[in-house]
Amino acid sequence: MGKKAAKSSVKKGRKKPSQVSASPTADLEEYRKGIFDPPEGVGLASRVLFFSIGGWLQKKAAGSLGRSLAITGLIGAGIIFCITFTFADPFLVWSDSGYDRPSELYGIDPDGKPVLIARYLNSESGREPVHLTDEDLRLPVARAFIATEDNGFESHWLGISPYGVARAAVVNLLAGGIREGASTITQQVARLRYLSRERSFIRKAREASLAFFLERKYSKAQILEIYFNEVPLGHGTRGVEAASHFYFGKDAKKLNWGEVAVLSSLTTRPNDLTPLKYPSDSAKKIKVVFQRLIETGMITPEDAAKAHTYLRKEYYPSLYNRSPDENYFGVRTNRFPYATAYVLQELSSRMKRNIYTAGYKIYSTIEVQHQQAAEDQMFAWLQKLNRRPKRADFDKFDVFDREAGDFYPLIKDLFGMPEYAVKQTAAERDFSREFARHWRDDLDLLNLMSGDRKVALAFEEDRNRENDASSEARRAEELGIQGALISLRPQTGAITAVIGGTGFGRGNQILRFEQARRQPGSSFKPIVYASGLDYTGRNPGTDRKLTASTVLDDSPQHWLSADLSEYSPENYSGSYMGPIRMRPALVMSRNTWAIQAFTYMQPDRLLPGISAITDLPEDQFPRNATLALGSKEMTPLQMAKAYAVFASGGYRIEPYLIQRIEKSDGEVIYESKPEEHKKQRILLEGTVFLINSLLQDVISEGTGTAAHLYGRPAAGKTGTTDRSTNAWFVGYTPNLVTAIYIGYDINKSLGHGGTGGGMAAPVWGRYMNQALKGEAVMSFPSAPADIVQATVCRTSGKRPLPQCPDTITEYFIKGTVPTEPCDAHSGGHSTPVIVSPGSEPVLNEDDF
C-alpha cells in the first residue's frame with residue numbers, strides 16, 4: 001500500500017515540460033529529481049513488461065543464468081546473421097570509397113591566409129562532411145549523440161546490443177509488428193548508408209549483418225563520423241555539420257551542450273521536432289535529451305540547467321527572425337555568389353562535372369575585404385539609383401509627327417535642335433496591322449497551294465522578332481539599372497573582387513563584369529592618347545606628333561561617315577573651349593578634341609598601340625575617329641586589363657582568378673604561377689608616366705573628382721556614352737585597378753545625371769577607400785630617365801617667346817619637346833596656329 005501511494009504521489013506531482021519554472025535554480029532541482037516526462041515509448045503495457053523483464057535480466061546478468069542468456073542471444077544472433085547474410089554485405093562495406101565531398105572555395109583574408117567563402121553543394125546533397133578523431137569522441141556533440149542514440153556504442157563490438165534486441169523483441173511482439181528498433185549507431189550507419197527505411201524484420205536483420213562488417217573495418221570514431229555525415233536533421237540538412245551551420249551558424253565541434261541537445265533531439269522525427277516550425281514540441285524533446293544526458297553521466301545537473309537557460313533565453317528567441325520554411329540551401333555557405341559563380345565558370349568541363357562530389361579545394365584570388373567592400377558599396381548604390389523617380393520614355397511618335405511634324409524643321413533651324421525622324425507614322429502602323437490581320441490567312445492558303453511558305457514565314461518571323469524584343473525590354477525594365485565591378489592587382493593580374501549586378505538571384509545571374517559588352521565612352525580616350533604618345537616617343541622625327549602640350553581645336557565639327565551620313569560629335573556640356581592642349585582636353589573630357597587627335601594621328605599610327613594595350617586584334621577596332629569616343633564595345637574586365645598596363649608600369653598582364661586546386665587528399669592538380677610568366681612591355685616608361693600624370697589630374701580637378709581617395713594618389717577616367725546609356729569609371733592606384741560600369745541591359749538612357757562622373761565615379765571612390773583600408777599607401781613612380789620637363793606657352797603649347805604672357809612646365813618624352821616658337825604671340829597673332837587634322841573631313845576607313 002505504501003509503495004502504491006508513493007507511486008501515485010510521484011505520478012500526480014510530475015510536471016509537464018511547459019510548466020517548468022523559469023528560474024535556473026528551479027530547473028536544476030527538477031533535473032535532480034528526474035520528474036520530467038520519460039523518453040518516448042510505445043504504451044503502458046509494453047513499458048511495464050519491458051522494464052520488468054529488463055530489470056530481471058539486469059539482476060541475473062552477473063550470474064550463470066545471465067551468462068547462459070547472453071550465450072543464447074549470441075547464438076540467436078548468429079543464426080539470424082547466417083539467414084540474412086548475403087555476399088553483397090562485405091562487398092558493400094569493404095568497397096565503400098566513402099561519401100561524396102562538396103568542393104570548397106577559398107578566398108584571401110587581410111592577413112593573406114585562406115578563408116572559406118563557399119561550398120559547392122547540389123540540390124540532393126545538403127551535406128558538409130566532418131572528420132572525427134578519437135579525441136573528438138570527448139566533445140559535447142559526440143557525447144550527446146552517443147547518450148541519446150546508443151549509450152553502449154563504445155563497448156559493443158558486434159555492432160548490435162543484445163539488451164536492446166531483447167527490449168525491441170518484447171515491444172514488437174506485443175505490438176504485433178515493427179514498432180521499436182534496437183538500432184545501435186552502427187546499425188543506423190548500415191541503414192543510412194546501404195539500406196532503405198523499410199520497417200521489416202528482414203531489414204533489421206540486414207542491419208545487424210552490415211553492422212558486424214562495419215565494426216570489423218572501422219574504428220568507433222570512423223563509424224560515428226559516417227553517422228554524423230549521413231543522419232538527416234531537418235530542413236534539407238544531411239549530417240551534423242550541415243545542421244550545425246543551418247541551426248547555429250557554426251562548426252559542429254564548437255557547439256555547446258544546449259546546442260548539441262537541439263541537434264540530438266532531431267534524429268527520430270526532424271520535420272516534426274524542428275525548433276523553427278514547432279518550438280514547443282522541440283523544447284519538450286530537448287528536456288528529454290537533457291534527462292538522458294544526466295542519467296548517462298555525460299553532463300552534470302548544474303551544466304544541464306545552464307544549457308537549458310541558454311536555450312530558453314537566447315536561442316529560442318533568436319528563431320523569431322527566421323522563417324519556419326527556411327531551407328538549408330538558402331543559407332548554405334556562399335558568402336559571395338558572384339565570385340562563386342565566376343570560379344565555377346572558369347573551371348574546366350571535367351572539373352565542373354565533379355565539382356559537387358570530388359571534394360576539390362579551390363584557392364581563388366578573391367580578397368575578402370575587397371569583395372565585401374564591393375558588395376557593400378555597389379549593392380547599396382544600385383538600389384539608390386533604382387529608387388530614383390522614373391520618367392516614362394517618350395513613345396508618342398505618331399502624335400508628335402501629326403501635331404508638330406510640319407513645322408518642326410523651322411524649330412530645328414531656329415534653335416539648333418537635332419534632326420527628328422519618326423520611327424513609324426500612324427498611317428504606316430495602321431496599314432501594317434490591317435494588312436497582317438486581313439491577309440495572313442489568304443497568304444497561308446496561297447503558300448500552301450504553291451508549296452512555298454516564305455511569305456508567311458516572313459510575317460511570322462517579324463512578329464516573333466517583335467515579341468522577343470518586347471519581352472527583353474520588359475525584363476530589362478523589371479531588373480532596372482544594373483552595374484558591374486571588377487578589381488585586379490596590376491603587378492600579377494590577380495582578380496580580387498567581382499560584382500555582376502544588383503544581386504545574384506533567380507533571373508539575374510549575368511556576370512556583367514565579363515559578359516556585358518558596352519561602349520566605354522570617354523574612358524577609352526586614355527588608351528587612344530597613350531598610343532599616340534607612345535608612337536611619338538618611339539618615333540621622335542615623325543611629322544605627326546602627339547604630346548601633352550599638343551594644341552587642337554575644341555569646337556563644333558561636322559564629318560561625313562563612310563555612308564555619307566553626317567556626324568557631328570558634341571561635348572557633353574554643349575560648350576566648347578576653342579584651341580586647347582591635351583592635358584586640359586583630357587581632364588575636362590572634350591570629345592571634339594579627341595576626334596581631332598585621332599584624325600590628326602590617323603589609324604595606322606594609333607591602332608597598333610591600341611591593340612597592344614587592350615590585347616585585342618587590330619581588326620576588331622573601327623578605323624574611324626568614333627573610336628576615340630569609345631565606340632568599340634568593351635567589357636569591364638577588358639577595360640580593367642587595359643588600364644592595368646598603365647598601373648603596372650607599361651607591362652601587359654593576364655588576369656586570373658584561381659591560384660591553386662587541390663584534390664581531397666591534398667594533391668595539387670592545378671597551380672597558377674604569374675611570377676613565372678614573362679612580362680611583355682607594351683608602353684615606354686615615359687608614356688606610362690605621362691598617362692599617370694594626366695589621369696591623376698582628371699581625379700584632382702577634372703570630371704572624376706567624385707572618385708577622390710583619402711590620403712592615396714589615384715588616376716582614372718570617366719566615361720559616358722551617347723544619350724547617357726552607359727556610365728563608366730575606370731581607375732587605379734599603384735596596387736589596384738578597378739573598372740565600374742552602370743547601365744540598363746538594353747539601350748536605354750540613365751536619365752538626368754547619367755554620367756560617368758555622376759553615377760560611376762562616386763561609388764568607385766567609396767569602394768576603393770573601403771577595399772584599400774589598412775593597405776600600405778603607394779605612390780606612383782617618379783619621372784623615369786626618358787622624361788624631361790620643358791617650359792611651353794600655355795596658349796600654344798610651343799616654345800615660349802619673351803612676349804608670351806603665361807607659361808607652364810610640362811612633361812615630355814625625350815626628343816619630343818616642341819622646338820617651334822610660339823605662334824600665338826608672335827607677329828601680331830593672338831591665337832595659336834592650330835594643328836590641322838587633315839584636309840579631307842571624311843571618316844572613311846579607305847581614306848586612312
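**Salt bridges, cores and the mixed sheet**

With a relative accessibility of 13%, R489 counts as buried (buried means under 20% relative accessible area, exposed over 50%, and partly exposed in between, with a 1.4 Å probe and protein chains only). The model is a predicted one, in which local features need pLDDT of at least 70 and side-chain atom pairs count only at pLDDT 80 or more, while totals for chains, interfaces and linings use all residues. Residues are numbered from 1 along each chain as its sequence is written, and side-chain values use heavy atoms, with hydrogens and water left out.

R489 forms a salt bridge with E775, with 2.9 Å between the closest N and O atoms (a salt bridge being a side-chain nitrogen of Lys or Arg within 4 Å of a carboxyl oxygen of Asp or Glu). E775 sits in the loop between α30 (756-771) and β17 (787-793), and R489 in the loop between β4 (482-488) and β5 (495-499), so this pair ties together parts that are 286 residues apart in sequence. Helices (H or I, at least four residues) and strands (E, at least two) are DSSP runs, numbered from the N terminus. Across the whole structure, the search finds 31 salt bridges. In general, side chains of opposite charge can pair when their charged atoms come close.

A further salt bridge joins D543 and R605, whose closest N and O atoms are 3.6 Å apart. Because D543 lies in the loop between α24 (525-538) and β6 (551-554) and R605 in helix α27 (residues 603-614), the pair ties together parts that are 62 residues apart in sequence. R590 is buried at 7% relative accessibility, and D554 is buried with a relative accessible area of 0%.

In α26, 11 of the 11 residues are buried, among them W593, F598, Y600 and M601. Just after α26, Q602 takes a positive phi of about 70°.

Positive phi values also turn up in two buried loop residues. H235 has a phi near 60°, a positive value in a residue other than glycine. The loop between α10 (220-230) and α11 (240-248) holds H235, and the relative accessible area of H235 is 10%, so H235 is buried. For S724, phi is near 55°, again positive in a residue other than glycine. S724 belongs to the loop between β14 (715-720) and β15 (726-733) and is buried, with a relative accessible area of 9%.

The largest nonpolar core has 118 residues, of which I362 and Y732 touch the most other members (a nonpolar core is a set of buried Ala, Val, Leu, Ile, Met, Phe, Trp, Tyr and Cys residues joined through side-chain atoms within 4.5 Å). Helix α28 (residues 636-647) supplies the largest share of this core, with 9 residues. A second, separate core of 59 residues includes A221, F246, F248 and V289. Leaving aside residues up to four places away in sequence, I362 touches residues including E104, Y120, L347 and I661 (contact means heavy atoms within 4.5 Å).

Five strands form an open sheet with mixed pairing, in the order β2-β1-β3-β11-β12 (two strands pair if DSSP finds at least two bridges between them). At the edges are β2 (114-120) and β12 (668-671), each of which pairs on one side only. From one strand to the next, the twist averages 20°. Strands β3 (residues 361-367) and β11 (residues 658-662) pair in the antiparallel sense over 4 bridges, and I362 stands opposite I661 in β11. Helix α16 (residues 337-346) packs on the sheet, touching β1 (103-108), β2, β3 and β11, and its direction makes about 75° with that of β2. Helix α18 (residues 368-386) packs on the sheet too, touching β1, β2 and β3, with its direction at about 60° to that of β3. The axes are lines fitted to C-alpha atoms, for helices over the stretch in contact, and angles run from 0 to 180 degrees between N-to-C directions.
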